[in-house]
Amino acid sequence: MPAPAGIAMRSATCPDRRASQASSCRRLPPRGRRVYASVTPTLQPGLENRTAPSWLAEPLKHVVKSQQFNAEALEHIFKVTREMEEVRAGTDAAHQLDGAIMSTLFYEPSTRTRLSFESAMARLGGTILTTESAAEFSSAAKGETLEDTIRTIEAYADVVVLRHFQAGSAEKAARAASIPIINAGDGPGQHPSQALLDVYTIQREIGRLDNFSVGLVGDLANGRTVRSLAYVLSLYSNVKMYFVAPNECRMREDIREYLSSVGVDWEEVDDLAKVASEVDVLYQTRIQKERFQDRPEDYDKAKGKYIVTTDTLAQMKKDAIVMHPLPRVDEIHPEVDADPRAAYFRQARNGLYVRMALLKLCLDGRTLSH
Amino acid sequence: MPAPAGIAMRSATCPDRRASQASSCRRLPPRGRRVYASVTPTLQPGLENRTAPSWLAEPLKHVVKSQQFNAEALEHIFKVTREMEEVRAGTDAAHQLDGAIMSTLFYEPSTRTRLSFESAMARLGGTILTTESAAEFSSAAKGETLEDTIRTIEAYADVVVLRHFQAGSAEKAARAASIPIINAGDGPGQHPSQALLDVYTIQREIGRLDNFSVGLVGDLANGRTVRSLAYVLSLYSNVKMYFVAPNECRMREDIREYLSSVGVDWEEVDDLAKVASEVDVLYQTRIQKERFQDRPEDYDKAKGKYIVTTDTLAQMKKDAIVMHPLPRVDEIHPEVDADPRAAYFRQARNGLYVRMALLKLCLDGRTLSH
Amino acid sequence: MPAPAGIAMRSATCPDRRASQASSCRRLPPRGRRVYASVTPTLQPGLENRTAPSWLAEPLKHVVKSQQFNAEALEHIFKVTREMEEVRAGTDAAHQLDGAIMSTLFYEPSTRTRLSFESAMARLGGTILTTESAAEFSSAAKGETLEDTIRTIEAYADVVVLRHFQAGSAEKAARAASIPIINAGDGPGQHPSQALLDVYTIQREIGRLDNFSVGLVGDLANGRTVRSLAYVLSLYSNVKMYFVAPNECRMREDIREYLSSVGVDWEEVDDLAKVASEVDVLYQTRIQKERFQDRPEDYDKAKGKYIVTTDTLAQMKKDAIVMHPLPRVDEIHPEVDADPRAAYFRQARNGLYVRMALLKLCLDGRTLSH
């Protein structure tokens, strides 16, 4: 069975419709046919060295969706991520991307994600061109296509981190671009670096990505985070999933069917305490108020149903962890923060390292445009 | 005959009303009487070296209007621009402006122009202080004059790139400033780096700036781009101009009279196909919807009248080019993009190089304020 | 008598509620109990060297309020500030904070203050992550606490410069943070770097901080600037203060009583000319229109009452100075600018040096988080 709609894998390759133009552009040597969807980037060992030789045939082209990675690709990315944890200011490692320019092109504000990418770039020596609210981008207002915008920006930057309100924007941008596009969230669509940092955190905290159990709690219907996470975890063996959600926010059928079709053992459970006592990872999420606009009482009911407190912690295994994509409102009590099992701020920090790795892998082996 | 109103040349020099203050400011040595309007910066060969000796009497002071440059000055700027194309990350050339600080002070958003300047500065090693929406600048809201704002900002930066909604703002800022001001567009007024990049692109693409013909197409009444371009091209010999515009958007009389007065051969033509077959440069522009607010049907008619398509290309000479200041809406069909004669994305890239040259020339030979 | 409310000294120390979490965070070694309010940072000589040894027990932790500094601490900060005036691009001094990352987290726009801090960081080699309008910060909109935001941002930056619309925000942030928080204004609360730059300017311009007289003019009721300045100047000996304010804007009783209680000689005077002839420092401020929203005629009356003109200058001593926190509207006539005693633009520049010093002192001796 194919991956569920919305996170569907596409086998289309990218017809290089700009081939002739590319060859008339004197600066950027034409690159080979670009294959970015559903095809695992064949990441070679030794990618670390960005002045690497030409045998480095396939650096990471774009980061557009969680489904573009298989377990092997993730393993390589996480290996590089682990190295990024060790980058220290003042060392050569902190100058790996010296001279590279990143444009954070945000059509809707997301300060947290933007700062995370910008800090990642800064820690590797790169330069940042920042755009907090490209929605006011006068060109867009005048009717310019995203493709034209990208083809203009690519003269100014070596990599674009794109946040857009419209699903599919990152893929559209990647099709037009001759530089890497990293999707930092496109509306209800994808936010792949979030999925990667979640999986990396699990590996980093509990030491493995198979043979464990995870409870996904909260708004499972609307959160792209948990939907993507469930999908990516299906790449690993023997991951037992519990879904704990208010009735209005149940995990949707597409994901449930998909998981079943690939043999993942999942279960919907009402009792948070019971799940807490079983799992290695308790992944809490925020009930999204904006989904209950005309039903405030339903929101209050849903919101109050599953709260992680010190009582929940008391149920949990000694080496289990609590995760949360943040921001949090009331769904994890602040008293929980002091417990070493509260992993969510470490998870945020891991986002930094994952994004450093993605930037490095995207820029590795590329000739800068200048 | 004088240059037309709106792009009029002014012979006023800048009375240094701040002389006594300047001398009481311990850090910045008082500079000579500043002459920035209508007077060609006497650019010396050897400007490249910013630690150049004091014989470097006249670096570029400010960039406020197209009319401040004569053909000799443009030749020098374009020579430096050509060198900028060769600046590569990791070389000494990429550190020419190390330590210099640029403030992009944008009172209205123009992401494209801002990023172009910021990328230019980054590629030369400088640092960027960015302001996307200085209109919310609390000081302006409180009634501070632009002059006071500039005198404050000049403590923080070595050069200011100013975008303002009011014509004449750049000149006003330059009068107050002890550091270079680069006009990145002041309302309906000037946008000199756009004019420079247009002329540079013609030279770079067809190899010369005299003895050629150009068709200016689209909104010739309202576009400051084509008005400035027509003016600057009048500095060169034997440039034949064709104006192709819907009736509502004809080139205005001030420019037409000015061109005649300085002996430029121009002609208004209805038939785009015919012009396309004659010219070396076809410069298309967007019909500005905002000019037709109460006449939507007139807009639709004007907008649909002159579209560059592959049919137009078929009429054109083999070594002619299509230019466009971007953003484009429908006035050039996307199929045209693949043709090597479609020069508009290369034109955008040239904007980067021209801005690198302007920053370098403005900062060359200056003592940084720190 | 205690310091007046609003600028009250608090003796509370910071219970390190996150101790257990800190110790589970592998990267940042747990730091000692943090004491930041009302306790003078014991600044050691030799702080200049940020790779300084561990005997450097007490770098500046946070900058949250004017009252955290005593005269000894200010003396040290001003000594470092004086050194900052000599930092030149291209020298080692300009690389003191290489590798350090500053996040300017501004919940309300204040371009002037933001650019001043960003320029300060740039001049010391650090990197800037900028946020012009964190009010749109999607996380805040979703109900995230400031504490959670800070704990996330601290993974990305080594120091946060916070501007917030709510009094007390900086202290709240500092309590949560494991990195230094510098208050760049929290609503009607504190703006300590402004107070420091004012005092530094007096010392720099008239050569001493005791045995002088100062006239505070304008909106003394609502301006946090003059309130803080009066407080800080009370730390020095024999500073005579004159308050010159329209009736609606008199210095409030809390400050007046506080000054009396610590033996400061102050006087309310009606006649600006008389005060001008007496003082060494004439500190003019803007009447804040926003305080007179429903009484426009009262505003006009208050605003017109005390204007500094060349006539005022004629009254003043030859070596006295005019200060103003800027922005200015009409309360100092532009003709005054040309007089060497007009110190307000030099005062703005001093803000840069003070902020360089604060950044250096906050980051000195810290292990960067990366």
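Trainee: Helix H5 (residues 146-153) and helix H6 (residues 169-176) of chain C have axes that come within 9 Å and cross at roughly 55°. What makes H5(C) oblique to H6(C)?

Mentor: This is a predicted model, in which local features need pLDDT of at least 70 and side-chain atom pairs pLDDT 80 or more, while totals for chains, interfaces and linings use all residues. Residues are numbered from 1 along each chain as its sequence is written, chains are lettered from A and ligands numbered from 1 in the order in which they are written, and side-chain values use heavy atoms, without hydrogens and water. Now set the angle against the classes: under 35 degrees is roughly parallel, over 145 roughly antiparallel, 65 to 115 roughly perpendicular, and the rest oblique. The crossing is roughly 55°, and that makes H5(C) oblique to H6(C). Such angles run from 0 to 180 degrees between N-to-C directions, with axes fitted to C-alpha atoms, for helices over the stretch in contact. The helices themselves are DSSP runs (H or I, at least four residues), as strands are (E, at least two), numbered from the N terminus.

Trainee: Which residues of H5(C) and H6(C) meet?

Mentor: From H5(C) come C:Leu146, C:Glu147, C:Ile150 and C:Arg151, and they meet C:Ser169, C:Lys172, C:Ala173 and C:Ala176 in H6(C). Contact here means heavy atoms within 4.5 Å. By class, these residues divide into four nonpolar, one polar and three charged; Ala, Val, Leu, Ile, Met, Phe, Trp, Tyr, Cys and Pro count as nonpolar, Asp, Glu, Lys and Arg as charged, and the others, Gly among them, as polar.

Trainee: Is the crossing of H5(C) and H6(C) right-handed or left-handed?

Mentor: The crossing of H5(C) and H6(C) is right-handed.

Trainee: Why are H5(A) and H6(A) called oblique to each other?

Mentor: In chain A, helix H5 (residues 146-153) packs with H6(A) at an angle of about 55°, their axes being 9 Å apart. H5(A) and H6(A) are therefore oblique to each other. H5(A) also passes H6(A) in a right-handed crossing. The contact is made by A:Leu146, A:Glu147, A:Ile150 and A:Arg151 of H5(A) with A:Ser169, A:Lys172, A:Ala173 and A:Ala176 of H6(A).

Trainee: What makes H7(C) and H8(C) oblique to each other?

Mentor: Helix H7 (residues 192-206) and helix H8 (residues 224-233) of chain C pack at about 60°, with axes 9 Å apart. H7(C) and H8(C) are therefore oblique to each other. Their crossing is right-handed. On the side of H7(C) the contact involves C:Gln194, C:Ala195, C:Asp198, C:Val199 and C:Ile202, and on the side of H8(C) C:Thr225, C:Ser228, C:Leu229, C:Val232 and C:Leu233. By class, this contact has six nonpolar, three polar and one charged residues.

Trainee: How many bridges join strand S1 of chain A to strand S3 of chain A?

Mentor: Five bridges join S1 (residues 101-106) to S3 (residues 159-164) of chain A, and the two strands run parallel. Strands pair if DSSP finds at least two bridges between them. As one position in this pair, A:Leu105 stands opposite A:Leu162 in S3(A).

Trainee: What joins A:Leu326 and A:Pro327?

Mentor: A cis peptide bond joins A:Leu326 and A:Pro327, with omega about 0°. A:Pro327 sits in the loop between strand S9 (321-323) and helix H13 (344-363) of chain A. In chain B, a cis peptide bond joins B:Leu326 and B:Pro327, and omega is about 0°.

Key:
A crossing is left-handed if the near helix is turned anticlockwise from the far one by less than a right angle, and right-handed if clockwise.
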